[in-house]
Amino acid sequence: TMNAQALIRLENISKSFDTNVTETVAVDSVDLAIFEGDYVAISGPSGCGKSTLLSMLGLLEVPTSGKYYLNGHEIQELDVYQRAELRNREIGFIFQAFNLIGDLTVLENVTLPLTYRPGMSRNERKERAMAMLEKVDMVERAGHFPAQLSGGQQQRVAVARGLVIEPSVLLADEPTGNLDSKNGDAIMKLLDDLNAEGNTICMVTHDSRFAERGHKTVSLEDGRVV
Ligand code: ADP
Ligand code: MG
């Protein structure tokens, strides 16, 4: 079947948050398949569950119920350490707020995800990070600190950091949300190019203009696919 080949498969995935006052169903009975080479855009209004869904895809949040298969792994069977290990190998994540580490240089930020690679030498890690910086056109800034860069430049570094592990999928949560339109367009163009090179991308946006960049669109409303 088609499903057997999916890189990512969600079956009836739900996530609720319990506070003392109320229970919020953030994601409600979602089915989703993502194939290698896909560019999926998840869109919908603020609060509809986009970030929660992406966090589950990125193994940052655990579903309350349902099944998640990632590259042959049944996620609900894994313990917290196995999930973290799988995340470090398979998932690249970029965030609205860039989330670079302020007291590390650009090069150190991009090298960081390779730190725990067994058998990879210091030199090899540096070479791979520099190759990624080349791809996002940030080589000249390798020795700079994040605060010395514009938002658009920081996000390009974050893309390099997300891709340096050669993940199965790059997840992007509102990657243009903190950028002006010129820098936002440049990041969208970068994602287009990366997808054209074969990278699988799943992006969250509340901006319908950007959602159209995806080759598949998933619209969420109150946690449900509509
Ligand atoms: P979006 O990214 O589409 O704006 P979110 O996934 O952030 O939506 O949130 C979906 C719903 O889940 C919202 O009602 C939000 O308040 C709630 N929510 C998200 N994270 C938490 C949390 N950690 N604890 C409690 N409620 C949460
Ligand atoms: Mg969000």
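Predicted model: local features only at pLDDT ≥ 70, side-chain atom pairs only at ≥ 80, totals over all residues.
The radius of gyration I will quote is taken over C-alpha atoms, and the globule rule that goes with it is 2.2 Å times the number of residues to the power 0.38. By that rule a compact globule of 226 residues would have a radius of gyration near 17 Å, and the chain has 17 Å, which agrees.

Residues are numbered from 1 along each chain as its sequence is written, chains are lettered from A and ligands numbered from 1 in the order in which they are written, and side-chain values use heavy atoms, with hydrogens and water left out.

Taken along the principal axes, the C-alpha atoms fill a box of roughly 45 × 40 × 40 Å. The chain has 7 helices and 10 strands, where helices (H or I, at least four residues) and strands (E, at least two) are DSSP runs numbered from the N terminus. Of the 226 residues, 47% are buried, and buried here means under 20% relative accessible area, with exposed over 50% and partly exposed in between, using a 1.4 Å probe and protein chains only. Contact means heavy atoms within 4.5 Å, and among contacts between residues at least 6 apart in sequence, 70% join residues at least 24 apart.

Let me turn to one helix. How many of the 8 residues of helix α1 are buried? In α1, residues 50-57, the number is 7, so this helix is largely enclosed by the rest of the structure. Among the buried ones are K50, T52 and L53, and just after α1 comes L59, which takes a positive phi of about 60 degrees.

Now the cysteines. A disulfide is counted as a pair of cysteine sulfur atoms within 2.5 Å, and by this rule the count comes to 0 disulfides.

Finally, consider A142, which is found in the loop between α4 (122-135) and α5 (151-163). At 10% relative accessibility A142 counts as buried, and, leaving aside residues up to four places away in sequence, A142 touches T105, V106, L107, M130 and L133. The C-alpha atom of A142 is separated by 42 Å from that of R224, 82 residues apart along the chain.
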